[in-house]
Amino acid sequence: MDIVTLAQATETTFTGLGAVGYGLAAIGPGIGIGIVVGKAIEGMARQPEMAGQLRTTMFLGIAFTEALALIGIVTGFIF
């Protein structure tokens, strides 16, 4: 049998926790993007003449929300 040192065991544990941390960090932006798109579609259905402006605002909201997921993956690599 191989003897696992404390440093190796700790490194393995932190690697696994990083993946779990990113998974948890991706939940929030996923829900946020769903809400943004759903509300934009609802607004377009209620006022079709505002569809262009709503679409632009929707894409800005998606970009800002997706930035949270990117921050989550970067923090996973840093820590």
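Where is Ala63 found?

A: Ala63 is found in helix H2, where helices (H or I, at least four residues) and strands (E, at least two) are DSSP runs numbered from the N terminus. A word on the ground rules: this is a predicted model, with local features needing pLDDT of at least 70, side-chain atom pairs counting only at pLDDT 80 or more, and totals for chains, interfaces and linings using all residues. Residues are numbered from 1 along each chain as its sequence is written, and side-chain values use heavy atoms, leaving out hydrogens and water.

Back to Ala63: its relative accessible area is 45%, so it counts as partly exposed (buried means under 20% relative accessible area, exposed over 50%, partly exposed in between, with a 1.4 Å probe and protein chains only).

Helix H2 covers residues 51-78 and supplies five residues, the largest share, of a nonpolar patch. That surface patch is formed by Tyr22, Leu70, Ile73, Val74, Phe77 and Ile78, with about 610 Å² of accessible area together. Patch members here have over 30% relative accessible area and no salt bridge; nonpolar side chains (Val, Leu, Ile, Met, Phe, Trp, Tyr) are joined within 5 Å, like charges within 9 Å. The areas come from the Shrake-Rupley method with a 1.4 Å probe, and for residues only the protein chains shown count as cover. Val74, also in helix H2, is partly exposed, with a relative accessible area of 44%.

Now for the other helix. Helix H1 spans residues 6-46 and holds both Glu42 and Lys39, three residues apart, about one turn of the helix. Their side chains meet in a salt bridge at 3.9 Å, N to O, the term being a side-chain nitrogen of Lys or Arg within 4 Å of a carboxyl oxygen of Asp or Glu. Glu42 also pairs with Arg46, at 3.5 Å, N to O; these two lie four residues apart in helix H1, again about one turn. That links Lys39, Glu42 and Arg46 in a network of salt bridges. Glu42 is partly exposed at 35% relative accessibility, while Lys39 is exposed at 54% and Arg46 is exposed at 65%. A search of the whole structure finds two salt bridges.

Zooming out, the protein has two helices and zero strands. Buried residues make up 14% of its 79 residues, and its accessible surface comes to about 6,100 Å², 73% of which belongs to carbon and sulfur atoms.
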